[in-house]
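Here is a short briefing on how the parts of one assembly are arranged. Keep the viewer open and follow along by chain.

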Amino acid sequence: MTGFLVKRFLQALVVLFLVSIIVFVLLHMLPGGPARAILGPKGTPQQIDQFNHQQGYDRSLPTQYFMYLKRLFTGDLGDSYKLNSPVFELLKQRLPKTLLLTVLSTALAVVIAVPLGLLQAVRRGKASDYALTGLAFLLYATPVFFLGLIMIILFAQVFPVFPAEAPQGESIGELLGDFTGLVLPVVTMAFGIVAMFSRYMRSAVLDNLTEEYVRTAMAKGQSSRRILVRHVLRNALIPLATLLGLYLPTLFSGALVVESMFNYPGMGLLFWNAAQGSDFPVLLGVTLVVGIATVLGSLLTDILYAVLDPRIRSVA
Amino acid sequence: MTELQLTDAGPGTPAPLLSIDDLHVDIASRDRTVHALDGVSLDLVPGEALGIVGESGCGKTMTALSVLGLLPPGGTVTGGRILFDGQDLAAASAPTLQDVRGNTVGMVFQDPLTSLNPTMTIGAQVAEPLLLHRAGIGRKEAWARAEEMLRLVGMPQPAERMKNYPHQLSGGMRQRVAIAMALVCEPKLLIADEPTTALDVTTQHQILELIDNLRQTLGMAMILVTHDLGVIANRVDRVAVMYAGKVAEQSDVRGLFARPRHRYTEALFAALPERAADRGTELHTIPGLPPSLTVRPTGCRFAPRCSFATQECREREPELELSVEPSVEPEWGLVGAAPAAAGQDAEAAKASPPSGHRFACFHPVPYGDAPAEQVVTPPPATATEPGEVLLELDALVKEFPLSGGPFARRRGTVSAVGGVSLSVRRGETYGMVGESGCGKTTLGRIVAGLEEPTAGTVRFDGRDLSGLSRAERRAHRRRIQLMFQDSTAAMDPRMRVGEILREPLVIQGVGSRAERERLTAELLDAVGLPRGAVHRYPHEFSGGQRQRLGLARALTLAPDLVVADEPVSALDVSVQAQILNLMRELQRERGLTYLFISHDLAVIRHLADTVGVMYLGRLVESGPAEQVYAHPLHPYTRGLLDTVNVPDPAAASGGEREPLRGETPSAAQPPSGCRFRTRCPFAAEVCATTEPPVSTPNAAGHQVACHFPLAAPRLASAV
Amino acid sequence: MTTTTAPHTVPGHEEAAQATPSLARRTLQVFTGNKLALTGVVLLVLLLAFSYLGPLLYDTEQTHTDLSQANLSPGTDGHLLGTTDLGYDMVGRLMVAGRTSLEIGLAAGLLATLFGTVYGAVSGYFGGWVDAAMMRITDAALAIPAMFLLVVVAAIITPSKGVLILIIAAVAWLSPARLVRGEALSLRNREYVQAMRMMGGGGARAVFKHIVPNAIGTVIVNCTFQIADAILYVSYLAFLGLSIPPPSADWGSMLSAGITYTQNGYWWLIFPPGIAIVLVVAAFNFIGDGLRDAFEVRLRK
């Protein structure tokens with residue numbers, strides 16, 4: 001397994017390096033370049049020239065990239081010119097909240113999708129399978145903000161059970177304290193994922209059911225239910241770890257929409273507000289951090305997969 | 001048309017343990033229904049071993065699977081009963097079936113890799129049946145019993161293996177685990193469905209021995225399902241031959257092999273390469289293919305392929321009838337089996353129930369006739385006139401890196417071919433034989449130009465291939481062609497046959513379009529396929545037909561040498577005979593040279609002029625086929641010959657045989673010195689330190705790489 | 001096994017040499033047997049007809065706003081689905097917006113598929129270091145969630161139809177690239193490609209005669225999913241306020257304009273465009289799923 005992990009780790013490093021290059025390129029694509037991004041629209045041409053010279057933005061691109069990296073390592077992502085605060089500080093507050101939302105809704109999605117996919121696979125070709133498959137497609141085809149809108153209309157307006165706005169606490173504890181406020185954002189985001197995961201579960205279970213080890217298990221005298229739970233489920237769930245890693249970017253994209261929709265104080269909302277106000281340091285800072293989080297997250301899920309699957313775990 | 005009389009056991013016979021009565025099974029798929037079983041009746045007394053044999057699609061596996069209600073999706077029992085211990089399993093509820101499965105009836109499947117759960121430990125899987133069926137047994141006790149069972153099936157270090165996962169074991173060891181799983185509840189009946197088909201000859205032998213021993217120890221009955229007549233001849237008391245969803249013939253094993261009555265059984269035996277009188281003769285073939293079973297055929301199902309068929313056969317369906325013979329034992333004496341066999345025959349007759357020898361044929365093989373050809377040892381035939389050397393390999397080495405990927409460090413290499421030198425003469429068939437992983441396929445791929453050798457040279461027609469320029473190499477391609485084992489995979493599924501056959505000509509820029517079409521038509525004629533085949537896709541053909549196409553494509557460029565890598569090992573015996581005959585015929589007509597690679601000693605013996613034996617990347621022995629088979633010089637060759645299952649129960653019991661023991665070591669760490677020493681009964685210190693030199697102790701041309709070549713010419717092996 | 005011919009046919013005594021139906025025709029047969037896929041096709045045809053032929057039958061004013069007619073409820077003054085907050089007729093607006101959504105989705109999906117296929121095929125066919133380098137680039141681009149990248153780019157450049165197509169394609173090509181690369185890697189090692197090499201055939205023939213035709217099924221299937229995703233992306237960008245500025249519209253921007261009036265109960269501003277998006281995206285997914293089945297069945301025996 002160590003060989004696999006070392007290889008995977010080195011890959012992640014290369015990808016991280018490339019992610020930083022992409023963000024660096026985006027920075028230089030800005031109208032007026034980094035100076036405009038940092039000084040904001042109020043900066044005069046003189047100020048910009050002076051800034052460029054001070055910061056070394058008139059030097060060669062590789063040198064500039066090297067300086068950019070050096071700043072990154074010290075946690076310097078620039079300052080928001082809308083919020084008057086270092087981007088790094090903003091991210092430190094917001095990232096955990098986004099992770100909370102992502103983790104809660106993913107967990108909910110898995111809890112719904114796994115039995116759903118199992119049910120579809122067992123009922124394959126029956127009316128209930130067709131109905132659920134059609135429903136999963138419809139759910140997948142529904143933009144998250146439309147889904148959220150339906151949720152708000154249904155559960156905050158027609159039947160006012162849950163608030164339409166997320167809790168605005170400063171810490172995770174405060175957010176969790178106001179649990180009813182979390183319901184709609186978490187459920188909305190989870191629904192978007194359920195469609196993908198139940199689809200995966202259905203086909204993974206179907207694939208596993210045709211495997212010969214299932215016939216062996218039957219030949220031992222196990223009941224169908226026990227075979228599903230003890231043999232098939234385990235084998236179908238292990239690759240789900242990798243799937244989670246692959247869907248991390250999609251999850252973060254979903255979080256961006258859901259946070260803007262429910263005014264949830266995470267990174268997505270920060271990003272959205274920055275987009276509205278052309279707050280480029282924040283936009284690029286968030287992009288970089290989300291990229292890093294994705295790379296590390298998928299590295300983590302791959303390690304998880306390697307630990308769960310004995311075929312990888314035990315290869316010396 | 002019930003065959004109830006079969007279940008009427010006479011007085012004094014034990015009541016049958018399992019009684020399958022007029023079983024009908026349908027398999028429904030998306031667009032059609034196959035009548036897989038159509039009135040199958042079989043009996044099995046406690047402790048008896050019944051073999052079910054037949055070609056693919058005959059229903060042998062469906063019969064086995066239906067006993068435990070394990071039919072594939074879409075499969076249903078549409079009629080008949082399966083009485084086991086007085087219970088009708090065909091009509092049993094799910095809980096009743098679950099109670100029988102793994103408890104009183106154990107089952108072993110073909111592929112030991114896929115039939116084990118990859119993410120569960122061996123221990124958990126072997127202990128599982130105990131936890132399911134033995135009420136009150138604790139986890140601890142179940143594990144202790146499972147470990148005991150692993151010891152019983154010959155698993156080394158069972159306590160450690162309990163914690164392992166299936167992928168950490170070799171194929172043979174995995175099949176031992178599967179057997180342990182099936183037997184851990186000590187069932188009364190073991191159903192083994194092709195249990196050794198996925199394994200090498202030596203492992204196959206070990207597993208069959210193990211099953212035999214366990215059957216004696218535990219006193220259980222067995223149903224052994226196999227396509228392999230060699231396996232069936234040596235391991236069961238009674239045999240049922242199935243054809244197209246019906247039992248064609250059943251008898252005690254010796255009676256069947258000595259005197260088959262059904263014309264299908266007769267033809268099947270005759271198609272075996274072992275039965276061919278000598279290398280020069282053609283094999284008997286069965287024309288055509290079995291019926292598709294989507295519609296119930298009228299009349300005898302074998303009639304369309306039978307040379308004895310009459311109008312009656314095509315109109316009326318024959319039923320299983322008792323073979324009328326006054327006395328059974330004297331007949332066997334006449335057959336000329338080994339003298340010692342008579343006593344064993346009597347024993348065999350005692351053990352089997354008095355269902356006797358039955359067959360369903362209107363025109364059976366008459367009694368007065370000489371029995372089908374016995375396994376004959378060919379006389380040392382005069383070798384074909386040696387032509388000049390066409391292909392010469394010199395100290396050929398091929399190593400593969402163990403771990404790929406740009407960031408992974410290399411963790412050593414696998415030595416696939418470890419220094420092989422040989423020469424093939426124009427017009428001959430060089431048969432390369434060995435077990436899986438011995439490097440024979442890699443060798444073939446190097447010769448065909450699909451792999452570059454790590455070291456050593458390939459000389460073809462006197463020229464060193466590594467010295468060719470790009471253009472020369474391209475032109476050279478057409479002189480050596482490869483025939484694949486699986487023609488399905490070797491043909492682009494999106495191309496029609498015509499385009500597939502023309503492709504080599506297009507690439508090499510041979511001929512105009514009209515000429516290409518004429519050539520393709522000629523080739524189709526030559527391999528016995530209709531010219532209309534050009535408009536069809538490869539998947540529309542049967543396995544045998546696709547091998548014909550594969551051969552046709554290999555011959556399009558009129559090559560000098562054809563490398564054939566296991567070209568018949570995926571085929572049924574009767575189809576295999578057709579392909580082997582065809583290859584021989586085309587060789588004569590076109591002066592082809594074959595490098596024929598196979599694991600099947602009988603096929604190689606039938607076809608090859610010269611034989612090479614490979615073990616773990618080394619050529620251990622080579623020489624004229626007759627000599628190698630009659631007087632093997634290398635202990636490995638001899639062990640291999642002793643291990644093979646001969647499709648003749650009489651031959652199996654005679655002579656002292658020393659089957660190979662142990663498993664082939666990993667090619668990543670081959671043993672020092674002689675690579676066979678770890679399994680060799682004669683290994684000495686020198687074998688570990690020094691690579692054995694090549695010598696010709698017996699006759700010129702018969703080479704061996706061994707420190708202690710076998711001296712005494714021993715009695716010819718029966719293969 | 002249904003079309004087994006006798007293997008020992010004597011030359012000259014052959015059976016009727018009939019050409020079997022082409023693979024494309026049989027694929028079509030399986031596809032048309034799939035009810036969900038047919039539903040998708042019907043839906044798509046209806047939506048296309050609605051957007052392009054609809055205005056011929058139901059002509060409305062879609063360039064000049066008329067605030068006196070704003071937010072009329074359905075049925076008022078002959079407005080079937082009422083009017084928007086700017087006084088456009090809702091049904092007519094849906095037709096105009098549908099064109100934008102469908103055009104951007106189709107163009108971006110096709111462009112992404114085209115580029116991704118070439119990229120993936122090159123990477124998979126060459127393998128080794130080229131492949132490793134090219135795949136790390138896609139890994140890095142994939143690591144930045146598509147929405148974030150889209151928003152940043154859309155914030156830098158003022159979106160127009162062409163720009164939207166380009167930036168969505170710039171994000172969407174990654175998935176077909178990885179898919180085709182995987183196909184190419186496995187096809188490269190198929191025995192029929194080896195067999196062709198044995199005959200002396202070269203790389204170009206391997207790619208164009210064997211690899212591309214055999215990967216085409218995967219590409220087509222993926223393309224339908226790409227189009228569906230592109231239409232979703234357009235709507236997300238609109239929701240985030242980054243769509244083509246008025247007077248042009250797409251279903252996403254109509255929906256996000258409607259969100260403002262959630263509290264007022266103007267449901268006709270929200271549900272028609274929302275449902276239109278769901279229907280068109282689902283239609284493409286149904287079609288893709290049906291095609292996948294059809295392509296798989298075809299290669300099965």
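Which domains does the domain assignment of chain B give? There are three entries: domain 1 (2–104 + 185–373), domain 2 (118–184) and domain 3 (389–479 + 559–705). Keep in mind that this is a predicted model. The points below go through chain B, then chain A, then chain C.

**Chain B: domains and annotation**

- The C-alpha centres of domain 2 of chain B and domain 3 of chain B are 37 Å apart.
- UniProt, in an unreviewed entry, puts "domain: ABC transporter" at residues 18–269 and 391–641 of chain B.
- Residues 18–269 of chain B are 38% helix and 27% strand. The end C-alpha atoms of this span lie 28 Å apart.

**Chain B: a helix pair**

- Find helix 6 (residues 171–183) and helix 7 (residues 201–218) of chain B. Their axes come within 10 Å and cross at roughly 20°.
- The crossing of helix 6 and helix 7 of chain B is right-handed.
- Helix 6 of chain B brings B:Gly171, B:Gly172, B:Gln175, B:Arg176, B:Ile179 and B:Leu183 to the contact. From helix 7 of chain B come B:Thr203, B:Gln206, B:Ile207, B:Leu210, B:Ile211, B:Leu214 and B:Leu218.
- By class, this contact between helix 6 and helix 7 of chain B has seven nonpolar, five polar and one charged residues.

**Chain A: annotation**

- An unreviewed UniProt entry places "domain: ABC transmembrane type-1" at residues 95–305 of chain A. That span is 84% helix and 0% strand, with its end C-alpha atoms 25 Å apart.
- The UniProt entry, again unreviewed, also marks "transmembrane region" in chain A at residues 12–30, 99–119, 131–159, 179–197, 236–262 and 282–308.
- Residues 12–30 of chain A are 95% helix and 0% strand. The end C-alpha atoms of residues 12–30 lie 28 Å apart.
- Residues 179–197 of chain A are 100% helix and 0% strand. Here the end C-alpha atoms are 25 Å apart.

**Chain A: two domains in contact**

- The domain assignment of chain A gives domain 1 (2–73) and domain 2 (94–315). The C-alpha centres of domain 1 and domain 2 of chain A lie 33 Å apart.
- Where they touch, domain 1 of chain A supplies 15 residues and domain 2 of chain A supplies 13 residues.
- On the domain 1 side, helix 1 (2–29) and helix 2 (33–39) of chain A each supply at least two residues.
- Which helix gives the largest share of the side of domain 1 of chain A that touches domain 2 of chain A? Helix 1 of chain A does, with twelve residues.
- That side of domain 1 of chain A divides into 13 nonpolar residues, one polar and one charged.

**Chain A meets chain B**

- In this interface, 23 residues of chain A contact 28 residues of chain B.
- Four elements of chain A give two or more residues to the side that touches chain B: helix 1, helix 10 (212–219), helix 11 (224–262) and helix 14 (310–313).
- Helix 10 of chain A gives the most, with six residues.
- The side of chain A that touches chain B has six nonpolar, nine polar and eight charged residues.

**Chain C: annotation**

- "Domain: ABC transmembrane type-1" is placed by UniProt (unreviewed entry) at residues 98–288 of chain C.
- Residues 98–288 of chain C are 81% helix and 0% strand, and the end C-alpha atoms lie 21 Å apart.

**Chain C: two helix pairs**

- Helix 6 (residues 146–156) and helix 7 (residues 161–172) of chain C have axes that come within 10 Å and cross at roughly 150°. The two are therefore roughly antiparallel to each other.
- This crossing of helix 6 and helix 7 of chain C is right-handed.
- Residues in the contact include C:Leu149 and C:Val153 of helix 6 of chain C, and C:Ile168 of helix 7 of chain C.
- The contact of helix 6 with helix 7 of chain C has eight nonpolar, no polar and no charged residues.
- Helix 9 (residues 191–198) and helix 10 (residues 203–239) of chain C pack at about 140°, with axes 11 Å apart. That makes helix 9 of chain C oblique to helix 10 of chain C.

Key:
Residues numbered from 1 in each chain as written. Chains lettered and ligands numbered in written order. Predicted model: local features only at pLDDT ≥ 70, side-chain atom pairs only at ≥ 80, totals over all residues. UniProt positions renumbered as here; feature names shortened; annotations may be inferred. Domains from an automatic or database assignment. Contact = placed C-beta atoms within 7 Å. Nonpolar A, V, L, I, M, F, W, Y, C, P; charged D, E, K, R; others polar. Axes fitted to C-alpha atoms, helices over the stretch in contact; angles between N-to-C directions. Parallel < 35°, antiparallel > 145°, perpendicular 65-115°, else oblique. Left-handed = near helix turned anticlockwise from the far one by under 90°.
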